[in-house]
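Here is a short briefing to read alongside the structure.

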Amino acid sequence: MNPQKHIIHLVSNREWGGGEQYVFNLCQHFAANGHTVTIFCRPVKQVMERFSLLDVSVHKLPLKGIFDLFSVVRLSTFLKGKQCVIHVHNFKDAFTAAFARKMSGNKNVRIILTRHLVRKGKNSSIYKWLYKQLDKIVFVSELAKKEFLDTSPTIAPERITVVRNSIVIPEKIEKVDIRKEFSLPQECTIAMYHGRIAAEKGLDILVDAMHILKNEKLLLLLIGKGDTPYFSSLQQQIKDYGIENNIKFIGYRSPVLPYLQECDFGILPSIVREACPLSCMEYMSQGHPVITTNNGGQIEYLEDETNALLVPPGDAKILANKISELANNADKRRQLGEKALKDYTEKLNYNCFLKEITKVYEY
């Protein structure tokens, strides 16, 4: 990739999540390798503070979507005279990028959209126009691509590709002693969930499963933050079941990998179809097996009884059986974890992702 290439990211989310970390990692890599990187994001304190840790330019824009003329004008002024790639992460920001490029009159601007969700494509006239403006749509899984194309949107096949997400693993991960930090019994097995505390993650189903297993020497740690009413309902559910000693919320942790290192296995019980959940890869990268649902893009790199255990979404009884199976079988945890680490290292590592996304930028 030409060192003089300028890469611009538009980020309009109001909170930090997997999509924002995706942008952060990309910007960090390309800036470190001599490329000019600019981020335009909403004036959200948490998001701007995180991006400010990078050695890149960070600018504020409203990024309110198709009728946000202010963002279009500001971005079009910025684009004039530049050869650059605009990388957007939802269709709302794609409209802003397309209108701004047209207003700037600059034909040396390439627009790339990464589709991080499993959603059907729209076919209205304005979307048909937008599809023609995009130089590439990158889907993070075959599932996301298939679902989008299910409505037969008018997009040239050569403008569509799949580049699976990945995660950056630091060379050195600082050790933590979670048993000491949270006064956990030495003899218990530790299962872990990390991510947003939200209904679509199926955590109430996980609590139901833990209620079934309440007599086992098993502790579940929940890492993350999110929807306050849902969090409160989970706390009440745990209290009603009388399993407060079996489940512990430990809040948001960053970096999270030191905590993942210390668990015995991970759990992602999502009831929605996730396009390419990064949390599964994070457990894999640490040599831990994960129990997850079989309804999302994760089944494109996870195989039941080979490098993970897969369960149907929303079934607490089956989930409980699989949790018990791993909790009581250290040899199986080791076997699945070793295969998971091997698969991550050989097929899913960040260099594999960078190789493919760089091709998209250069196309």
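The notes below go from the whole chain to its sheets and then to a pair of helices.

Please keep in mind that this is a predicted model. The protein chain holds 14 helices and 13 strands. Its radius of gyration is 22 Å, close to the 21 Å that the globule rule gives for 363 residues, so the chain is as compact as a globular protein of that length. The C-alpha trace spans about 65 × 40 × 40 Å along its principal axes.

**The seven-stranded sheet**

- This open sheet has seven strands in the order β3-β2-β1-β4-β5-β6-β7, with parallel pairing.
- At the edges you will find β3 (57-60) and β7 (160-162); each has a single partner strand, so one side of each is left without a neighbour in the sheet.
- From one strand to the next, the twist averages 20°.
- Five bridges pair strand β4 (residues 84-88) with strand β5 (residues 109-115) in the parallel sense, and His87 stands opposite Ile112 in β5.
- Helix α6 (residues 142-149) packs on this sheet and touches β5, β6 (136-139) and β7, its direction making about 150° with that of β7.
- Helix α14 (residues 350-362) lies across β1 (6-11), β4, β5, β6 and β7, and runs at about 145° to β5.

**The six-stranded sheet**

- A further open sheet has six strands, ordered β10-β9-β8-β11-β12-β13, and its pairing is parallel.
- Its edge strands are β10 (247-251) and β13 (309-311), each of which pairs on one side only.
- On average, neighbouring strands here are turned by 25° against each other, direction ignored.
- Strand β8 (residues 189-194) runs parallel to strand β9 (residues 218-223), and six bridges join them; Thr189 has Leu218 in β9 as its bridge partner.
- Helix α8 lies across β8, β9, β10 and β11 (265-268), running at about 165° to β9.
- Helix α12 packs on the sheet as well, touching β8, β9, β11, β12 (290-293) and β13, with its direction at about 165° to that of β13.

**Where α8 meets α12**

- Helix α8 (residues 203-212) packs against helix α12 (residues 316-327) at an angle of about 60°, with the axes 8 Å apart.
- That angle makes α8 oblique to α12, and the crossing is right-handed.
- From α8, the contact involves Ile205, Leu206, Asp208, Ala209 and Ile212; from α12, Ala316, Lys317, Leu319, Ala320 and Ile323 take part.
- Sorted by type, the residues of this contact are eight nonpolar, no polar and two charged.

Terms used. Residues are numbered from 1 along each chain as its sequence is written. This is a predicted model: local features need pLDDT of at least 70, side-chain atom pairs count only at pLDDT 80 or more; totals for chains, interfaces and linings use all residues. Side-chain values use heavy atoms; hydrogens and water are left out. Axes are lines fitted to C-alpha atoms, for helices over the stretch in contact, and angles run from 0 to 180 degrees between N-to-C directions. Helices (H or I, at least four residues) and strands (E, at least two) are DSSP runs, numbered from the N terminus. Angles under 35 degrees count as roughly parallel, over 145 as roughly antiparallel, 65 to 115 as roughly perpendicular and the rest as oblique. A crossing is left-handed if the near helix is turned anticlockwise from the far one by less than a right angle, and right-handed if clockwise. Contact means heavy atoms within 4.5 Å. Ala, Val, Leu, Ile, Met, Phe, Trp, Tyr, Cys and Pro count as nonpolar, Asp, Glu, Lys and Arg as charged, and the others, Gly among them, as polar. Two strands pair if DSSP finds at least two bridges between them. The radius of gyration is taken over C-alpha atoms; the globule rule is 2.2 Å times the number of residues to the power 0.38.
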